[in-house]
Each structure stands twice: as C-alpha cells, then as structure tokens.
Amino acid sequence: MDHQHLSAPESAQINPREPLYGAAALAVRDQLREPSALDSAVRVAREMLATYGTTDYADHAAVAQAFGATRESLRILLRALGVETTTPPAATAPPAERCPAAHPEDPTPCGGPVVVTVLDRHNAGANGCEHHGARLLASTDGARVVPLPTAPEGAAIRVFKAADSTLPYAWVKRGERQ
C-alpha cells in the first residue's frame, strides 16, 4: 500500500512498519471499509440516474442494461432494508383468452402467463406468453424480446431460443402464404 497518498496531517510522518493512529488511521479505515448493501444500492442508483440523461433509448442494449441494473439495485435495496422477499415475484395474471402477442390467425392457445414484450425496430410492441412471444419474434424482422418485471428468470432467453427454431408465420401452412 502506498501510504504517501493518505490524507494525514502534514506534521505526521507515516512509517509503513508502525501501527497507524489518529487521522492517518481514520483515512485508511475509511478507504478499506467494505461498503454496505445500502451504500452499494445508492451508488448504483446514482450511476443509473447519471446514465439515463445520456442514454439513447433506441439502443436496445442500453435499455436492457438499464433494466437489469434497476432490478439488481432494487434487490440490493430490499436486502439492505431487511425486507427482501424469499419467494420469486408472482407472474402477471394469466392471460384472458389469448395474449396480445397472439396473431388473430394463429389457432394455438397461450403457453402460460404474459411474461415478455416483443418490440419491433420502431419500439412498437406487444406483451405475450412465451409461446406467442416466440412466434411473434420469429415473424417480425428486426424484433427483440424484453422480459416483463414479473417474468420468471430466463423467460426472455427461452423466447429468444424458441424463436430461433420457429418458422415465421408458423401457423400458416406452407404453400398457402404468398
């Protein structure tokens, strides 16, 4: 450790082989202190607020990073306050008859609750279950998938992977579509 950069009074000489006392000891203690969970959450929140002012929200990566940082910051804050939930958040209410991502001509039923939003290249989107989210993602050029805040862990990744092996307009029999 370089002791010359510590903020000790100029009259105090710091010998690295001697124990520290007084202002020099306080400066070292503050530098070595492990930040609390609350301090970490506050630091992350401040960084996010500073970033939000300069972020181009058309950039999906920036939005996804901000969303992930927000979730983690909230988890840290809840943990610091001693009110962290031990059960995962409940998924959104089950879809009525069909989720908004289901195409009107797609006869398949929803594959569970609404857990993702599929956004097109202009940021227009539809919320959907994993099944219809994957079908919409596969059928829309330049689309991307974002998990809803109450989505189970990995929902968007499952939709992304399913879309990779789904034909566009999977409900249309090949040869019928022009």
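How many residues lie between β1 and β2 in their hairpin, and which residue in the turn has a positive phi? The points below begin with the basis of the model and then take up this turn.

1. This is a predicted model, in which local features need pLDDT of at least 70 and side-chain atom pairs count only at pLDDT 80 or more, while totals for chains, interfaces and linings use all residues. Residues are numbered from 1 along each chain as its sequence is written, and side-chain values use heavy atoms, with hydrogens and water left out.

2. The hairpin of β1 and β2 has five residues between its strands, and Asn-123 in the turn has a positive phi of about 70°. Helices (H or I, at least four residues) and strands (E, at least two) are DSSP runs, numbered from the N terminus. Two strands pair if DSSP finds at least two bridges between them. Strand β1 (residues 116-119) is joined to β2 (residues 125-128) by four bridges, and the two run antiparallel. Val-118 stands opposite Ala-126 in β2.

3. Four bridges also join β1 to β3 (residues 144-147), again antiparallel. Here Leu-119 stands opposite Arg-144 of β3.

4. In a regular strand the side chains alternate between the two faces of the sheet. Both faces of β1 are covered: Val-116 and Val-118 are buried on one side, Thr-117 and Leu-119 on the other. Buried means under 20% relative accessible area, exposed over 50%, and partly exposed in between (1.4 Å probe, protein chains only).

5. Helix α4 (residues 130-139) contains Ser-139. Seven of the ten residues of α4 are buried, so the helix is largely enclosed by the rest of the structure. Among the buried residues are His-132, Arg-135 and Leu-137. The cover over the buried residues of α4 includes β1, β3 and α5 (155-164).

6. Ser-139 is buried, with a relative accessible area of 13%. A polar atom of its side chain lies 2.8 Å from the backbone oxygen of Arg-135, and one lies 2.8 Å from the backbone nitrogen of Tyr-169. Leaving aside neighbours within four places in sequence, Ser-139 is in contact (heavy atoms within 4.5 Å) with Pro-168, Tyr-169 and Trp-171.

7. A search of the whole structure finds one aromatic pair. Tyr-169 and Trp-171 form this pair, which is edge-to-face, at 5.6 Å centre to centre and 75° between the planes. Rings of Phe, Tyr and Trp (its six-membered ring) pair if their centres lie within 6.5 Å; planes under 30 degrees apart count as stacked, over 60 as edge-to-face and the rest as tilted. Tyr-169 is partly exposed at 26% relative accessibility, whereas Trp-171 is buried at 15%.

Definitions and conventions:
A polar contact is a pair of N or O atoms within 3.5 Å; within protein, one must be able to donate a hydrogen and the other to accept it, and residues adjacent in sequence count only if both atoms are side-chain atoms.
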